[in-house]
Amino acid sequence: MGNALFATKSLDVLMREAGDTSEHSLKRALGPVNLVTLGIGAVIGAGIFVLTGSAARAVRRTRHYLSYVLAGTACVFAGLCYAELLR
(Lines give C-alpha, C1' and ligand atoms only; values in the text may rest on other atoms or scores of the structure.)
Protein backbone atom coordinates (compact mmCIF):
# COMPACT_ATOMS: atom_id res chain seq x y z
CA MET A 1 0.00 0.00 0.00
CA GLY A 2 2.49 2.59 -1.20
CA ASN A 3 1.79 6.17 -2.04
CA ALA A 4 -0.60 6.12 -5.02
CA LEU A 5 0.34 9.68 -5.97
CA PHE A 6 3.84 8.60 -7.03
CA ALA A 7 2.93 5.21 -8.49
CA THR A 8 4.76 4.31 -11.70
CA LYS A 9 4.43 1.68 -14.41
CA SER A 10 7.19 0.01 -16.31
CA LEU A 11 7.67 0.79 -19.98
CA ASP A 12 6.74 -2.78 -20.95
CA VAL A 13 3.35 -2.47 -19.23
CA LEU A 14 2.69 0.90 -20.89
CA MET A 15 3.54 -0.44 -24.35
CA ARG A 16 1.31 -3.47 -23.82
CA GLU A 17 -1.58 -1.26 -22.72
CA ALA A 18 -1.06 1.06 -25.72
CA GLY A 19 -1.32 -1.86 -28.13
CA ASP A 20 -4.42 -3.28 -26.44
CA THR A 21 -7.52 -3.16 -28.67
CA SER A 22 -10.01 -4.89 -26.39
CA GLU A 23 -13.43 -3.53 -25.50
CA HIS A 24 -12.21 -1.85 -22.30
CA SER A 25 -9.23 -0.02 -23.79
CA LEU A 26 -9.08 3.67 -24.64
CA LYS A 27 -9.48 4.62 -28.27
CA ARG A 28 -8.32 7.74 -30.06
CA ALA A 29 -11.29 9.90 -30.88
CA LEU A 30 -9.65 13.21 -31.83
CA GLY A 31 -7.50 13.63 -34.90
CA PRO A 32 -4.87 16.27 -35.64
CA VAL A 33 -7.39 18.77 -37.04
CA ASN A 34 -9.62 18.42 -33.97
CA LEU A 35 -6.70 18.92 -31.61
CA VAL A 36 -5.48 22.01 -33.48
CA THR A 37 -8.94 23.59 -33.46
CA LEU A 38 -9.31 22.76 -29.76
CA GLY A 39 -6.02 24.56 -29.09
CA ILE A 40 -7.09 27.58 -31.14
CA GLY A 41 -10.38 27.68 -29.24
CA ALA A 42 -8.49 27.61 -25.93
CA VAL A 43 -6.34 30.56 -27.00
CA ILE A 44 -9.37 32.55 -28.15
CA GLY A 45 -11.20 31.68 -24.92
CA ALA A 46 -8.27 32.88 -22.82
CA GLY A 47 -8.26 36.10 -24.83
CA ILE A 48 -11.95 36.65 -24.11
CA PHE A 49 -11.33 36.44 -20.36
CA VAL A 50 -8.32 38.76 -20.52
CA LEU A 51 -10.20 41.36 -22.55
CA THR A 52 -13.26 41.35 -20.29
CA GLY A 53 -11.02 41.83 -17.24
CA SER A 54 -9.17 44.72 -18.89
CA ALA A 55 -12.42 46.36 -19.93
CA ALA A 56 -13.86 45.93 -16.44
CA ARG A 57 -10.81 47.61 -14.90
CA ALA A 58 -10.95 50.54 -17.34
CA VAL A 59 -14.70 51.22 -17.14
CA ARG A 60 -15.64 50.55 -13.48
CA ARG A 61 -19.33 51.22 -13.95
CA THR A 62 -22.39 49.10 -14.58
CA ARG A 63 -20.60 47.66 -17.59
CA HIS A 64 -18.28 46.07 -15.07
CA TYR A 65 -21.06 43.66 -14.14
CA LEU A 66 -21.87 43.12 -17.78
CA SER A 67 -18.32 41.85 -18.32
CA TYR A 68 -18.89 39.20 -15.65
CA VAL A 69 -22.12 38.16 -17.36
CA LEU A 70 -20.22 37.95 -20.65
CA ALA A 71 -17.47 35.84 -19.04
CA GLY A 72 -20.09 33.56 -17.49
CA THR A 73 -21.78 33.13 -20.86
CA ALA A 74 -18.44 32.25 -22.42
CA CYS A 75 -17.94 29.65 -19.66
CA VAL A 76 -21.33 28.14 -20.40
CA PHE A 77 -20.56 27.85 -24.10
CA ALA A 78 -17.12 26.38 -23.40
CA GLY A 79 -18.73 23.83 -21.10
CA LEU A 80 -21.24 22.92 -23.79
CA CYS A 81 -18.43 22.47 -26.30
CA TYR A 82 -16.51 20.19 -23.95
CA ALA A 83 -19.69 18.23 -23.19
CA GLU A 84 -20.16 17.70 -26.92
CA LEU A 85 -16.62 16.31 -27.16
CA LEU A 86 -17.43 13.71 -24.52
CA ARG A 87 -20.42 12.34 -26.43
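This is a predicted model: local features need pLDDT of at least 70, side-chain atom pairs count only at pLDDT 80 or more; totals for chains, interfaces and linings use all residues.

Visitor: What's the mean pLDDT of the chain?

Guide: The chain averages 78, with 86% of its residues at 70 or more.

Visitor: And which element has the lowest mean pLDDT, and which the highest?

Guide: Helix α3 (residues 62-85) is lowest with a mean of 79, while helix α1 (residues 11-18) is highest at 85.

Visitor: Switching topic: how much of the chain is buried?

Guide: Buried residues account for 6% of the 87 residues. The chain exposes about 8,000 Å², and 68% of that comes from carbon and sulfur atoms.

Visitor: Which residues make the nonpolar surface patch?

Guide: Val36, Ile40, Ile44, Ile48 and Phe49 make a patch of about 440 Å². Ile48, for one, sits in helix α2 (residues 32-59).

Visitor: Is Ile48 buried, exposed or in between, and why?

Guide: Ile48 counts as partly exposed because its relative accessibility is 33%, and that class runs between the 20% and 50% cut-offs.

Visitor: Now the cysteines. How many disulfides are there?

Guide: The count is zero disulfides, the cut-off being sulfur atoms within 2.5 Å.

Visitor: And how exposed are Cys75 and Cys81?

Guide: Cys75 is partly exposed, because its relative accessible area is 45%. Cys81 comes out at 52%, so Cys81 counts as exposed.

Terms used
Residues are numbered from 1 along each chain as its sequence is written. Side-chain values use heavy atoms; hydrogens and water are left out. Patches are made of residues with over 30% relative accessible area and no salt bridge: like charges are joined within 9 Å, nonpolar side chains (Val, Leu, Ile, Met, Phe, Trp, Tyr) within 5 Å. Accessible areas come from the Shrake-Rupley method with a 1.4 Å probe; for residues, only the protein chains shown count as cover. A salt bridge is a side-chain nitrogen of Lys or Arg within 4 Å of a carboxyl oxygen of Asp or Glu. Helices (H or I, at least four residues) and strands (E, at least two) are DSSP runs, numbered from the N terminus. Buried means under 20% relative accessible area, exposed over 50%, partly exposed in between (1.4 Å probe, protein chains only). pLDDT is the predictor's confidence in each residue, from 0 to 100.
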